[in-house]
Amino acid sequence: MTSTAIDFGQVSYLLVTGASRGIGQRMAIETSRKFKPGSIVVLLARSASGLEATRTEILESNPHINVVTSSVDLSNAPKQLLDDIIDKSLAKTPIGNFGLAAIIHNVGTVGNVERKAADMNDRQEWEDYFATNLFTVGVLNSCFLHKFKECAKKLVVNITSKACLIPFKSMGFYCAGKAAREMYFKVLADEESDLVVLNYSPGPVDTEMTVDIQGRSNAEEIRNYFKGLRDTTTILTTQQTTEKFLTILEAGHFKSGDHVDYYD
């Protein structure tokens, strides 16, 4: 059985989606600190300015690696575009140069939290939500794995949520999307014994997404939940959850495909 412990202190290739802000930005920065010279970090998101801010901070802490940014809308990115992004980031660098190839699927949206499940009757809204949160995730993951199939160690991370396990009022799109996405990664882990797959649930984190839920949710208890976390300062920071994330991966005390929560 493949060890799930990850050594980041080597020449690595890392691709992070949703890397312009929040959890994805912090994970990209803190993980990149550990890489050896010759490593390549690829940052994907819609916001070019946010990606450039992430790139700048990465290079301040580790100037001997190459950081590539690509402003892309992952709701409708075709396979050819995703393949091209990976190919161009490599710039003819042999795959054999990398001891680790890793991808962090952080991209995610909360969906319409103003609708109850019984009122989610807009087919286009369903398709748009799953296009971003599941369809392109699966296609990008396949592109990545085929490109790095010869790499000695491959890590696939899905940023998941407690919402894939239990229902949250007003969050029908989010819960359904997270559940479907995590099951895809569990199947992947079961089929590919040479991969390390982690479904990481970062806990309630102070991000724009949770601010949005707190402000727009149709469920008073959900709005009060996030307000209570902020009022008591018990909501997590992106730094806290990223540190736990890296500790989990470096220790490797999980089975590939497992759902691991910040509070586990």
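Modeller: Let's start with strand β6, which is mostly covered, as 7 of its 7 residues are buried. "Buried" means under 20% relative accessible area, with exposed over 50% and partly exposed in between, for a 1.4 Å probe and protein chains only. Strands (E, at least two residues) and helices (H or I, at least four) are DSSP runs, numbered from the N terminus. Please keep in mind that this is a predicted model, where local features need pLDDT of at least 70 and side-chain atom pairs count only at pLDDT 80 or more, while totals for chains, interfaces and linings use all residues. Residues are numbered from 1 along each chain as its sequence is written, and side-chain values use heavy atoms, leaving out hydrogens and water.

The cover on β6 is on both faces: Leu-195, Val-197, Asn-199 and Ser-201 are buried on one side, and Val-196, Leu-198 and Tyr-200 on the other. Along the strand, β6 pairs with β5 in the parallel sense over 6 bridges, where strands pair if DSSP finds at least two bridges between them. Lys-154, for instance, stands opposite Leu-195 in β6.

Stepping back, 7 strands make an open sheet with parallel pairing, in the order β3-β2-β1-β4-β5-β6-β7. Its edges are β3 (66-71) and β7 (259-261), each pairing on one side only. On average, neighbouring strands of this sheet are turned by 15° against each other, direction ignored. Axes here are lines fitted to C-alpha atoms, for helices over the stretch in contact, and angles between N-to-C directions run from 0 to 180 degrees.

Two helices to look for are α2 and α8. Helix α2 (residues 48-61) packs on the sheet, touching β2 and β3, and its direction makes about 170° with that of β3. Back at our strand, helix α8 (residues 238-251) also packs on the sheet, where it touches β4 (100-105), β5 (154-159), β6 (195-201) and β7; its direction makes about 150° with that of β6. Contact means heavy atoms within 4.5 Å.

A nonpolar core is a set of buried Ala, Val, Leu, Ile, Met, Phe, Trp, Tyr and Cys residues joined through side-chain atoms within 4.5 Å. This core has 35 residues, and Leu-155, Phe-245 and Leu-249 have the most contacts inside it. Leaving aside neighbours within four places in sequence, the contacts of Leu-155 include Val-196, Leu-249, Phe-8 and Ile-103. Apart from this core lies another, of 30 residues, with Leu-90, Cys-143, Cys-151 and Leu-188 among them.

Another buried element is helix α1: 10 of its 11 residues are buried, so the rest of the structure largely encloses it.
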